[in-house]
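Hi,

Here's the structure I promised to pass along. Have a look, and my notes on helix packing and aromatic pairs follow below.

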Amino acid sequence: MPRENRKRGKRKKNLVQDDFNEDPPIGLEDQPSPGEPSWIEQSHISEPLNLDAPFGLCDPDVKAYFRSVENQMKEWQELGIEGDDVAGEDQNLERRMFFSAALTEMQGKECLLATDPDCAVILERMVHSMDDLARRIFLNSLIGSIVELAKHRFGSHVLETLLESAAATINRETRGIFPAAQSLPQFAGQPTMSDLIGQLCQAGILQLGLFRTKFSPSLVNEKFASHVLQRLIVLLIPPLDVLQEKQNLRSKRSAGYKSKQGPLKSVFDAAPDVQQVERQTPSKFSSSAQGILRRIREKFSASEVRALAADKVACPTLRVLVALESALGWTNQQDSLMDYILVGMIRQNGTSPVSMSSESDYLATLLRDATASHLLETVIQHMPDDVFSQLWHIYFRGKLNRLAIHPVANFVVANAFERLNKNDFPAAVQEMDKVLAKSFKQHRIGPVTSLVKRAGAINTAEEEVVNEICASLGIDSNDPTGLIGRILEIGDVMGTAESSNGDVEPNTAEFHPSVQGALLLQSMLLLSSPHNEVVIKSFERMSKQAKVALAHDATSSRVIDAMLDSPVVTRKTKRSVIMAYIGQYEQLVNDRIGSRVGDRCWMNSDPYLKEKIARSLIPHQQSLASSYYGKFFAKKLQLSLLLRKPDEWRLAQIRSDEKKPQSEAAQNRNNDVVETPNVGNMVTRREGKEGGGVVPGFSSGAKRGSKRDRDDDDQEGKITETSDTTGLNTKRGKKRKREENLNEIDVLFSGVKENRFSKLVPPSSYSDPVTSGKQMEGKDSSVSDLDLVLRAIKSVPKNDSGRRRRKG
């Protein structure tokens, strides 16, 4: 076909445009689409927030630097401070320079490092080594992001550690002790720790996350922030410090992870704080705690509070809030948190105290719930006496046969027993008589232990409790043979095979003592005499090998500790326990646990009993010296000194016994005449100003020498008189301390004196005739071979080079 007759179709436009060739018009993306109002703006799609790193990701180089800081701090914590004071100061200076560089590197990155998985634990370690000023600067840098950090997995742990260490800083600030660097111009405007904690409670930062919103839960039931709130409340009210012992504020997972990081302590040898009877806080802290509690009571209804009791996260926080209510004295108020939990029992008791409340299904559920039962235990501990009396008569009396053996309710029953008065206690003992055998069989002996403790505390029905325990175990209280073995095997999950007489000897392989049984025996030893002697009689009827096996176990050895430490056990009974191991001390101390029991027996012995223990171990001196654990016990005995100079050994033991606890020392100061044990030639002496501690019949090694020595003795006598008049426990302090620091070699050379010309002088030549005659009375005048050798050594001239030749 000719070209002129051809028809061409429509050309299609090229829709693909090169963006790099032509720029789009300015402002085209901001123009509204046709048909839409001009006030409608296009939504900008932003990147999603990383909840694991809300402040960004940490630089790898910064991570590596702080890992090196952690390694260096771990090494210093293991080494400690060694050497003398000068070396210690040099080491501290080096460490402070290194630590100051780390703090400088941390500035501006506090929130970033606190939310990093690797660096958060490093910050926790550094907080313990910070001084008061560094802690204040660190908390001030976090003050704007407290809520975000409290809700973060790792940041919450850093805040917990910082609030825990802030208690000591606030205590010093309240007493007017501030760091010296605060006087510098750059730190003049730095707020104190008390001001920073006040900002957390009052400035509205904490209020942003205190209550639940449409998008986030409250701090009360938040997974991580609830622990920070608990720590803050404990910081505000010092009486709540007991919660740190009874109830660990950290979660089990956090505590387990923290234990794997090693000891978290300061790397500096800072002097320990002065012990205070009670931690001091500013007066505004109480009002801050009241404000937190008041806001919670206003925002949470009664049904919401009861719902929080069954929440695994909110229940521990609610326990702290109930304790806070009790510390502030707000428990008896209507519409309190405790009133909500008790379903209006406090409100009804205030309006009509005589009438009884009806039984509530909610409280019956709390008794048997694994989570809410902990809250009910706290409520029972802090509730008023009249309200507890109603609670006991409604929910516990007549129902102990089921509650005492319940897997969960038995813990609540154990706490309820500790609140019983003398009127309700005998009825509870009589009711528990029917269920004791079943409780032992099912290993629910927590209520039994609480029953024994309460009987000893109020001195009521002690004999009935002991008889019921022995009868439930099939043992006669007059002949309690095998009682310790039977009680220690209760609660053994390994399972023990009982012998024909129902007793498992502790030295058998089947014996696995339980913690519950050991606690029951310790509580029985706290009963008044003679009700606690049933355990002592059972111990005396055990074989020697069984007694040693009892002391070698980490659990059952606590029973022996209770025998020696119990204030109601007589001194005669304690002596019989210590004498029971005579002849077995070599086997006793040759063990990790047994050596600790041996040390406790040694500390509770008088000089006469110590000598019997030491002389029983003289044939085993070599085996003890080669033992891994026994060598430490043998070092305390000083057997070589006992063999050479028994009088010196006895005098050393008497001086060690004079170091008694403060209570015993105060009691002894009221007596003018102190009777010492009748050992050797020892007699009763009267303590006075002239008493240098010399007992007639002993060679003290502190005789008069030159005039300079006499002047030193006079000065020490003046110091002794001053300390006696002030009533301190440093009687004859310097002189006794100098004599006690002598080792065995010093004691040997103490009887030999030399004059200024390095020639030996017998003691009678430089001593007072009257004093020396009394001190040497009863001793053999003949000189032993060892004394001759020592005198020969001392007679060697100090300068053996001879007379110098003249020059020239």
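**Helix contacts and ring pairs**

Bear in mind that this is a predicted model. I started with H5 and H7: Asp132, Arg135, Arg136, Phe138, Leu139 and Leu142 on the H5 side touch Val158, Leu159, Leu162, Ser165, Thr169, Arg172 and Glu173 on the H7 side. Sorted by class, the residues of that contact come out as six nonpolar, two polar and five charged. The axes of H5 (residues 132-142) and H7 (residues 155-174) come within 10 Å and cross at roughly 135°, so the two helices are oblique to each other. Their crossing is left-handed.

Then there's H22 (residues 409-417) against H25 (residues 446-458), packed at about 5° with axes 8 Å apart, which makes them roughly parallel. Asn410, Val413, Ala414 and Phe417 of H22 make this contact with Gly446, Pro447, Ser450, Leu451 and Arg454 of H25.

On to the rings: the whole structure has 11 aromatic pairs. In one of them, Trp392 and Phe417 have ring centres 6.0 Å apart and planes at 55°, so the pair is tilted. Trp392 sits in H20 (residues 385-395) and Phe417 in H22, 25 residues apart. Trp392 is buried at 3% relative accessibility, and Phe417 is buried at 0%.

Phe539 and Tyr581 make another tilted pair, 6.2 Å between centres and 50° between planes. Both Phe539 and Tyr581 are buried. They also belong to a cluster in which ring pairs link Phe539, Tyr581, Tyr585, Trp602 and Phe633.

Cheers

Notes
Residues are numbered from 1 along each chain as its sequence is written. This is a predicted model: local features need pLDDT of at least 70, side-chain atom pairs count only at pLDDT 80 or more; totals for chains, interfaces and linings use all residues. Side-chain values use heavy atoms; hydrogens and water are left out. Axes are lines fitted to C-alpha atoms, for helices over the stretch in contact, and angles run from 0 to 180 degrees between N-to-C directions. Helices (H or I, at least four residues) and strands (E, at least two) are DSSP runs, numbered from the N terminus. Angles under 35 degrees count as roughly parallel, over 145 as roughly antiparallel, 65 to 115 as roughly perpendicular and the rest as oblique. A crossing is left-handed if the near helix is turned anticlockwise from the far one by less than a right angle, and right-handed if clockwise. Contact means heavy atoms within 4.5 Å. Ala, Val, Leu, Ile, Met, Phe, Trp, Tyr, Cys and Pro count as nonpolar, Asp, Glu, Lys and Arg as charged, and the others, Gly among them, as polar. Rings of Phe, Tyr and Trp (its six-membered ring) pair if their centres lie within 6.5 Å; planes under 30 degrees apart count as stacked, over 60 as edge-to-face and the rest as tilted. Buried means under 20% relative accessible area, exposed over 50%, partly exposed in between (1.4 Å probe, protein chains only).
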